[in-house]
Amino acid sequence: MGGSESKPIQQEVHQPKPNPELDEPWRKFDWGQKEALKEKLENFSLSDPDVNHIKILVAGQVGAGKSSFINSIDSVFQGRICSRALVNTAAGDSRSFTQKLKGFPIRSGRKSLPFVFKDIMGLEAAALAGSQTDDIINAVFGHVKDGYKFNQEQALTYKDQHYTSDPTLSDQAFCLVYVIAADTVQLTDDKLIDKLKIIRKRINDQGIPQVIIMTKVDEACPLVNKDLRKIYTSKKIKEKMELCSTKVGVPLSNIFPVKNYHEEIDTEDDIDVLILKALEQIVQIADDRLLDREIY
Ligand SMILES: Nc1nc2c(ncn2[C@@H]2O[C@H](COP(=O)(O)OP(=O)(O)OP(=O)(O)O)[C@@H](O)[C@H]2O)c(=O)[nH]1
Ligand SMILES: [Mg+2]
């Protein structure tokens, strides 16, 4: 074969880039409902008068944005950036920054709202299989006292001073909020999914509902990074939510995408309204469970 044989010239075909945005939002969302949602939550009264505060436990992988989500809720009601829950500022840590169980009562201005969010250590794929899941399950059921420092090697036992053997209704969590970061959902380790399945199985048996909060939407999609209102027209975010739903096994209707406050110095209405919508759902679901508890 002679080297002079010429190859047929390949015509470069320029395919138009697929539009990253949908024409119609895939979830209806009213961006103007901030004040209405805020007012509704400020005036929320729990269905059981014996319970002062409903507890909501926030769990998820290390660095997913659990502490930031609690701070973001705080910020919405205070109208300024709050940072009561300490947030990790060093990227890429594989160990959880939050080490102790701590409850954060939510206030609007000076008014105390009937919800307490519990911040917990992050789940680590590499940590010993049983200890973290047992601790989280125990925390959901109200057996773990605030201030307890999680121990990777050993789950809390009933002999520990931080163990409550006979939790009251107010000690128990009525909703588990599982936080997943949108930018890394595809990388979620199978070991973590297994841990989550164990937690879900145990809490499902007791009828404790779960909500997924998908954080860091700004990191996952450049469109949304520029304009948060594109969250429900972004194909990327829709894809991430669907992936989240199949990986974790929770219906899309129980997944809420948010952007946490992380570098802002002032609050913004669009960030606020997404956080408030997620909170409304969490609180509603938790309160329904409180009402239905006789069934379990
Ligand atoms: N861009 C962006 N960054 C976020 C968001 N939420 C959290 N972060 C950042 O992600 C990092 C980890 O956030 P944390 O709130 O400490 O996460 P965590 O889940 O509490 O982590 P552990 O306590 O270590 O398990 C911090 O640097 C936050 O500023 C978000 O919605 N968008
Ligand atoms: Mg934390």
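Tutor: Start with a cut-off: buried means under 20% relative accessible area. Keep in mind that this is a predicted model.

Student: Why is threonine 98 called buried?
Tutor: Its relative accessible area is 12%. The cut-off is under 20%. So threonine 98 counts as buried.

Student: What makes serine 67 buried or exposed?
Tutor: Serine 67 has 8% relative accessibility. Exposed would need over 50%, and buried needs under 20%. Serine 67 is therefore buried.

Student: Why is the pair said to tie together parts of the chain?
Tutor: Serine 67 lies in helix H2 (residues 66-78). Threonine 98 is in the loop between H2 and strand S2 (102-108). The parts are 31 residues apart in sequence, so the pair ties them together.

Student: How do you know that cysteine 175 is buried?
Tutor: Its relative accessibility is 0%.

Student: Which residues does cysteine 175 touch?
Tutor: Contact means heavy atoms within 4.5 Å. Leaving out residues up to four places away in sequence, cysteine 175 touches Lys55, Ile56, Leu57, Ile208, Pro209, Val211, Ile282, Ile285 and Ala286.

Student: How much of the whole chain is buried?
Tutor: Of its 296 residues, 51% count as buried. The chain has eight helices and six strands.

Student: What makes a space in this structure a cavity?
Tutor: A 1.4 Å probe fits there but cannot get out. The search of the whole structure finds one cavity of 30 Å³ or more. About 60 Å³ of space lies in the largest cavity.

Student: Which residues line the largest cavity?
Tutor: Arg95, Ser96, Gln99, Met121, Glu124, Gln132, Phe150, Asn151 and Gln152.

Student: How does that lining divide into nonpolar, polar and charged?
Tutor: Two are nonpolar, five polar and two charged. Met and Phe count as nonpolar, Glu and Arg as charged. Met121 and Phe150 are therefore nonpolar, while Arg95 and Glu124 are charged.

Note on methods
Residues numbered from 1 in each chain as written. Chains lettered and ligands numbered in written order. Predicted model: local features only at pLDDT ≥ 70, side-chain atom pairs only at ≥ 80, totals over all residues. Heavy atoms only, no water. 1 Å grid on protein atoms, 1.4 Å probe; cavity = no way out; pocket = protein on both sides within 12 Å on 5 of 7 lines; lining within 4 Å. Points joined across faces, edges and corners; volume = space filled by probe spheres on them. Helix = DSSP H or I, 4+ residues; strand = E, 2+ residues; numbered from the N terminus. Buried < 20%, exposed > 50% of the residue type's maximum accessible area, 1.4 Å probe, protein only.
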